[in-house]
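Hi everyone, thanks for coming. Please take a look at the picture on the screen, and then we'll walk through it together.

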Amino acid sequence: MNSNAHKITVWGRRNSMNVQKVMWTLGELDLDYQRNDMAGSFGIDDQYTAKNPNAVVPTIEDGELTLYESNACVRYLARQYGMGSLCPSNLKDAALADQWMDWQCSTFGSGFFMIFMNKIRVPAEKSSQDQITKGEQQTAQLLQQLETKLEQTDYLVGNTLTMADVPIGAMLYRYFMMEIERPSLPAVGAYYQRLTARPDYQKHVMIPFGRNSDEWLSEEKRNAGLQ
Ligand SMILES: N[C@@H](CCC(=O)N[C@@H](CS)C(=O)NCC(=O)O)C(=O)O
């Protein structure tokens, strides 16, 4: 176990991709934690919105610190407990890690969510094939950037896993598991295979999420209470 004297508390359902980023990071850093179900079918209470007024998950608590925004949580954990490993100690490499983390939520995420929401989260009668197709085209184009990068290095910043890989890696599991049109991207495919070989990625990210909104809900319930 790493050097956290007390458990880190994580609030958020296990099938939330943003929660998975935090859980995977805790796993990679070998930190002690307690995860509590929150949001989705578990609901959100006033005590939780006092911690996170956005009423979304995750939120983490580490001693006196209460923190939300999944990428900020990943950065904090990497800086506090993984300096020189998950957080590059060289400032230029740390800045490149920030770049990929921001790219996941500000750029790649929009196309991905067009697919994910319409394939998995909304009921079939409300789903839009146009949105799925648009998302497939947008993600295919953006993934060329990852392909070019991953032809040069095994991970997004150098040849070892850093915090740069966590947000994109969490999204790639869902991208590769959905029945959608994907371009042939050998370097991205090999990168994804490297991620799937990591025990903490298997445990916290490779969580089945079903093929539609009904299956999604039963998977969510099946994961209740699991750490
Ligand atoms: N920018 C926020 C987004 C958080 C977010 O949208 N979380 C989703 C789950 S992935 C959520 O809480 N949705 C409401 C719900 O599940 O009830 C972050 O990265 O933490």
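**Around the ligand**

Let's start with the ligand: Ser16, Met17, Asn18, Ala39, Gly40, Val56, Val57, Pro58, Glu69, Ser70 and Asn71 surround it, each with its C-beta atom, placed from the backbone, within 6 Å of it. H1 and H3 are the elements that give two or more residues to this shell; helices here are DSSP runs of H or I with at least four residues, strands are E runs of at least two, and both are numbered from the N terminus.

This is a predicted model, where local features need pLDDT of at least 70 and side-chain atom pairs count only at 80 or more, while totals for chains, interfaces and linings use all residues. Residues are numbered from 1 along each chain as its sequence is written.

Now, how is helix H1 placed in the structure? Ten of its twelve residues are buried, so H1 is largely enclosed by the rest of the structure. Buried means 20 or more other C-beta atoms within 10 Å of a residue's own, exposed means 12 or fewer, and partly exposed lies in between, with C-beta atoms placed from the backbone. Among the buried ones are Val19, Trp24 and Leu26. The buried residues of H1 pack against strands S1, S2 and S3 and helices H3, H6 and H8, where a contact means C-beta atoms, placed from the backbone, within 7 Å. Just after H1, Asp30 takes a positive phi of about 55°.

Stepping back, the chain has nine helices and four strands. Of its 227 residues, 36% count as buried.

Methods
Two residues are in contact if their C-beta atoms, placed from the backbone, lie within 7 Å.
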